[in-house]
Amino acid sequence: MTAVELARGQNAPLASTRLTATVELPAAADLSALLLTADAKVRGDSDIVFYNQPEGPGVRCIPPSGGQPWQLQVRLGELPPEIEKVR
């Protein structure tokens, strides 16, 4: 696995269809992900991934544990065809 650090607003090409984003924050926070269609809307509750619903189609939120920060795992091949963005 190759790690790529991005600054706010920065983009980089993807070399894989399986991604893990690690989010380190100086204070406690909850990580969430929205699976969005072309019109920037979720299709329903299953497209909102967060601590109380940590898995959705192709996306998984992993809370901090054992000194590890939040992680967001995305499996691009498992995202529904209608989903254009994971935000």
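**Reading the sheet and one threonine**

Q: How many bridges join E4 to strand E5?
A: Strands of a sheet pair through backbone hydrogen bonds, either parallel or antiparallel. Here two bridges join E4 to E5 (residues 59-62), and the two strands run antiparallel. Two strands count as paired if DSSP finds at least two bridges between them. As for the labels, strands (E, at least two residues) and helices (H or I, at least four) are DSSP runs, numbered from the N terminus. By the way, this is a predicted model, where local features need pLDDT of at least 70, side-chain atom pairs count only at pLDDT 80 or more, and totals for chains, interfaces and linings use all residues. Residues are numbered from 1 along each chain as its sequence is written, and side-chain values use heavy atoms, leaving out hydrogens and water.

Q: Which residue in E5 does Glu-55 stand opposite?
A: Look across to Arg-60.

Q: In what order do the strands of the open sheet come?
A: Follow E1-E6-E5-E4: four strands, with antiparallel pairing.

Q: Where is Thr-37 found, and is Thr-37 buried or exposed?
A: Check the loop between strand E2 (33-36) and strand E3 (48-49). Buried means under 20% relative accessible area, exposed over 50%, and partly exposed in between (1.4 Å probe, protein chains only). Thr-37 counts as buried because its relative accessibility is 15%.

Q: Which residues is Thr-37 in contact with, leaving aside neighbours within four places in sequence?
A: Contact means heavy atoms within 4.5 Å. For Thr-37, that gives Arg-43, Glu-82, Ile-83 and Glu-84.
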